[in-house]
Protein chains: 2
Amino acid sequence: MKNKPLILVTNDDGITAPGIRTLIEVMSEIGTVVVVAPDSPQSGMGHAITVNNTLYLDKVSKEDAEITEYNCSGTPVDCVKLAVNEILKQKPDLCVSGINHGSNSSINVIYSGTMSAAVEAGIEGIPAIGFSLADYNWNADFEPTKPFIKKIALEVLNKKIPEGTILNVNFPKLKFEEIKGIKICRQAKAYWMEKFDKRKSPFGKDYYWLTGEFINQDKGQDTDEYALANGYVSVVPVQFDMTAHHAIQTLNTWDL
Amino acid sequence: MKNKPLILVTNDDGITAPGIRTLIEVMSEIGTVVVVAPDSPQSGMGHAITVNNTLYLDKVSKEDAEITEYNCSGTPVDCVKLAVNEILKQKPDLCVSGINHGSNSSINVIYSGTMSAAVEAGIEGIPAIGFSLADYNWNADFEPTKPFIKKIALEVLNKKIPEGTILNVNFPKLKFEEIKGIKICRQAKAYWMEKFDKRKSPFGKDYYWLTGEFINQDKGQDTDEYALANGYVSVVPVQFDMTAHHAIQTLNTWDL
């Protein structure tokens, strides 16, 4: 490890969100920080990339600023791609995404722009971590997360992150002294029970808002949901090989 | 199996794309078809959902049409959620997505709106298949894919698809008689080497187009890329539990 690791910071709530400001603060204690984040909220963007449209990138930090910051018109995944290919002169030692306003535990990893940015960094061979706090409030208290974020980031920099994986870290909405520790977990088997809120526009046309209720049917004590509900920070290793290797044998018995 | 299975059809190229028209044609030989597809191209949308905006849904088929069709202002995943929660009175027996204009093999499964629609159906407990043809042309020849699509869809309806998985089916750009058969595969370890095309707008502002080159470094003969390159239809079982279960043990040795 060089003296000062190069750390790429991004998120999906946009560059002005308090969550990313906290993450930038912690990362600047560890390394040289470059921020490339969306210029507007990109929640729920999943692994979307901009293929049918143009992308804008603006340097928003002053020339003499310690931390270089860019905002980008695209998705969180676009931010990582632009950072790696157009901004950074070397591959970063670490990419961190977040801190998301709202949890990304369980199945939410798949819808989350925050997590998809980290996954994209992982695909590009960069050690990566997504951080989320189980509090959707814009003015959520991110202070308790700081020592944990520093500890986890340093451990990722010091140890080799298992190949083909990145980390999904979620914080319970608790005071620092209430947090019991960190637990390595698996993604809980849970899902969203959607409920569309149907309304009529001023012009008489029906439209919908996607809302829903989160249903956790997984009683396992090794899940991220269990850890969060019991006062722990959850850490789930996430992979981007989506092959269900265990299903290949069964499919080979099919008549295809 | 009831006499006529209920089949939900969607895609990411939009409801007017020739690919989805072919898929609708094949599915209507098998069951009762309901189409809910985006009203505009949604390529590269990954698992994006519309959370900060409204959604529109319009019935575009005539009242006496055999096949009911809706278009939707949202992403492919939105289409599946709306279909299941607002349109269909019962859970469909099968959800098919595509046929995508362009392949979704290897790592592309993660960026693809077509595949994410199928994954969303899988999350909701619906047997699901995404179909893609390795030809980006709007006027690609989808004829050779038809018998394979029918065979695979019937097999999925007849056999129980392994729990927690859906199928990613890719077709090589070949004539029917040139296709050697179907191979069950794993996702190749490949990635995109991005290259941003930097231009100047008429107003003097820099902007970028995301372009890139697909790099396959995986020499395995059990991959989807190998199958496609050798004249086979590739079928990869895809899971949506993104936990890297094999990495949990290693992480438990970390000092966290």
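This is a predicted model: local features need pLDDT of at least 70, side-chain atom pairs count only at pLDDT 80 or more; totals for chains, interfaces and linings use all residues.
**Entry 1**

How far apart do the end C-alpha atoms of residues 7-193 of chain A lie? I looked it up: they lie 37 Å apart, and the span is 25% helix and 26% strand. Helices here are DSSP runs of H or I with at least four residues, strands are runs of E with at least two, and both are numbered from the N terminus. UniProt positions follow the numbering used here, feature names are shortened, and annotations may be inferred rather than shown by experiment.

Residues are numbered from 1 along each chain as its sequence is written, chains are lettered from A and ligands numbered from 1 in the order in which they are written, and side-chain values use heavy atoms, with hydrogens and water left out.

**Entry 2: the two chains**

I put chain B on chain A: a rotation of 180° with 0.0 Å of shift along its axis does it, at an RMSD of 0.0 Å. That is how a two-fold axis relates two copies. The same surface serves both copies, as 99% of the contact residues of chain B recur in chain A.

**Entry 3: the "binding site" residues**

Which residues carry the UniProt feature "binding site"? The unreviewed entry places it at Asp12(A), Asp13(A), Ser43(A) and Asn100(A). They are spread over 89 residues of sequence but cluster in space, with a largest C-alpha distance of 9.1 Å.

I checked two of them. Asp12(A) sits in the loop between strand E1 (6-10) and helix H1 (18-27) of chain A. Asp12(A) is buried, with a relative accessible area of 2%; buried means under 20%, exposed over 50% and partly exposed in between, using a 1.4 Å probe and protein chains only. Beyond its neighbours within four places in sequence, Asp12(A) is in contact with residues including Ser43(A), Pro76(A), Asn100(A) and Thr114(A).

Asn100(A) belongs to strand E5 (residues 94-101) of chain A. Its relative accessible area is 5%, so Asn100(A) is buried. Among the residues that Asn100(A) touches, not counting those up to four places away in sequence, are Asp12(A), Asp13(A), Thr114(A) and Phe131(A).

Asn11(A) is in the loop between E1 and H1 of chain A. Asn11(A) has 0% relative accessibility and counts as buried. Val96(A) is 85 residues away along the chain, yet the two C-alpha atoms are separated by 8.1 Å. Leaving out residues up to four places away in sequence, Asn11(A) touches Pro38(A), Pro76(A), Ser97(A) and Thr114(A), among others.

**Entry 4: helix H1 of chain B**

Why is H1 (residues 18-27) of chain B largely enclosed by the rest of the structure? Seven of its 10 residues are buried, so there is the reason. Among the buried ones I noted Ile20(B), Leu23(B), Ile24(B) and Met27(B). The buried residues of H1(B) pack against strands E1 (6-10), E2 (32-38), E4 (68-72), E5 (94-101) and E6 (128-133) and helix H4 (146-158) of chain B.

I searched the whole structure and found one cavity of 30 Å³ or more. The largest cavity holds about 140 Å³ of space. Of its 15 lining residues, the closest to its centre are His47(A), Ile110(A), Met242(A), His47(B) and Ile110(B). By class, the lining has 10 nonpolar, five polar and no charged residues.

The largest pocket has a volume of about 910 Å³. Its lining counts 34 residues, with Gly122(A), Ile123(A), Gly125(A), Phe240(A) and Lys189(B) nearest the centre. E9(B) gives the largest share of that lining, five residues. I sorted the pocket lining into 14 nonpolar, nine polar and 11 charged.

Terms, for later: on a 1 Å grid over the protein atoms alone, a cavity is a set of points where a 1.4 Å probe fits but cannot get out, a pocket is an open set with protein on both sides within 12 Å along at least five of seven lines, and lining residues have an atom within 4 Å of a point. Points are joined across faces, edges and corners, and a volume is the space filled by probe spheres set on them. Ala, Val, Leu, Ile, Met, Phe, Trp, Tyr, Cys and Pro count as nonpolar, Asp, Glu, Lys and Arg as charged, and the others, Gly among them, as polar.

Note on methods:
Contact means heavy atoms within 4.5 Å. Copies are superposed by least squares on the C-alpha atoms of residues with pLDDT of at least 70 in both.
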